[in-house]
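The sequence and the structure come first.

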Amino acid sequence: KNKKPKIKKDKAKSFGKDLPISTKQAVAICKEIRNKTIEEAISFLEKVKETKKPVRMKGEIPHRKGKGISSGRFPKKAAIYFIRLLKVLDGNSKENGIEKAFISESIANKASRPAKRFGGRKKRTHVLLISRDVALKKFKSFLKKDVQNKDKKHK
């Protein structure tokens, strides 16, 4: 039998649908882990789970001790779900032939919120994580600098 050659893909995805976590917390975590490698993101979320490192959040949230952080929280439950998604993303990126992967896109959206008893609403969030090769990141930043330099020369 003829085996088809495996096509090397340039990106990998993992999608969490209807996760029972707060959308606000998911958006804050997405912002923190974007442009990090998958290993860095997992280690960061492990520290969040152990209440060692806070996640920066907007809104009326108390300040945290430490250098370089104003306000934040420790969303432990959301961190657990994100660690699962990141492990899936790591497996998908290795399957697609990406050795050193970084998280290029991390998106959290509101999902449909089913009703609880007595008229309340449940928390639901969709999370999409996309990883690409680190070499591509360096190449894109190089192109961006090159375009900026050309613009300066033409002015």
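Ser-106 is found in strand 4. The model is a predicted one. With a relative accessibility of 3%, Ser-106 counts as buried, because the value is under 20%. A polar atom of the Ser-106 side chain lies 2.8 Å from the backbone oxygen of Cys-30. Residues up to four places away in sequence not counted, Ser-106 touches Cys-30, Ile-33, Arg-34, Leu-128 and Leu-129.

Ser-104 also has its place in strand 4, which covers residues 101–110. Its relative accessible area is 16%, so Ser-104 is buried as well. The side chain of Ser-104 makes a polar contact with the side chain of Arg-132, at 3.1 Å. Apart from neighbours within four places in sequence, Ser-104 is in contact with Arg-34, Ile-130, Ser-131 and Arg-132.

Cys-30, a partner of Ser-106, also takes part in a helix contact, as a residue of helix 1. Two helix pairs are described next. Two packed helices are described by the angle between their axes and the distance between the axes.

| Helix pair | Angle between axes | Distance between axes |
|---|---|---|
| Helix 1 (residues 23–33) and helix 3 (residues 76–95) | about 50° | 10 Å |
| Helix 2 (residues 38–49) and helix 3 | roughly 160° | within 9 Å |

Helix 1 and helix 3 pack at an angle of about 50°. That makes helix 1 oblique to helix 3. The crossing of these two helices is right-handed. On the side of helix 1, the contact is made by Gln-25, Ala-26, Ile-29, Cys-30 and Ile-33, and on the side of helix 3 by Ala-78, Ala-79, Phe-82 and Leu-86. By class, the contact of helix 1 with helix 3 has eight nonpolar residues, one polar residue and no charged ones.

For helix 2 and helix 3, the axes cross at roughly 160°. Helix 2 is therefore roughly antiparallel to helix 3. Helix 2 passes helix 3 in a left-handed crossing. Helix 2 contributes Ile-38, Glu-39, Ala-41, Ile-42, Leu-45, Glu-46, Val-48 and Lys-49 to the contact. From helix 3 come Lys-76, Ala-79, Ile-80, Phe-82, Ile-83, Leu-86, Lys-87, Leu-89, Asp-90 and Ser-93. The residues of the contact of helix 2 with helix 3 divide into eleven nonpolar, one polar and six charged.

Ala-79, Phe-82 and Leu-86 of helix 3 are listed in the contact with helix 1 and also in the contact with helix 2.

Notes:
Residues are numbered from 1 along each chain as its sequence is written. This is a predicted model: local features need pLDDT of at least 70, side-chain atom pairs count only at pLDDT 80 or more; totals for chains, interfaces and linings use all residues. Side-chain values use heavy atoms; hydrogens and water are left out. Axes are lines fitted to C-alpha atoms, for helices over the stretch in contact, and angles run from 0 to 180 degrees between N-to-C directions. Helices (H or I, at least four residues) and strands (E, at least two) are DSSP runs, numbered from the N terminus. Angles under 35 degrees count as roughly parallel, over 145 as roughly antiparallel, 65 to 115 as roughly perpendicular and the rest as oblique. A crossing is left-handed if the near helix is turned anticlockwise from the far one by less than a right angle, and right-handed if clockwise. Contact means heavy atoms within 4.5 Å. Ala, Val, Leu, Ile, Met, Phe, Trp, Tyr, Cys and Pro count as nonpolar, Asp, Glu, Lys and Arg as charged, and the others, Gly among them, as polar. Buried means under 20% relative accessible area, exposed over 50%, partly exposed in between (1.4 Å probe, protein chains only). A polar contact is a pair of N or O atoms within 3.5 Å; within protein, one must be able to donate a hydrogen and the other to accept it, and residues adjacent in sequence count only if both atoms are side-chain atoms.
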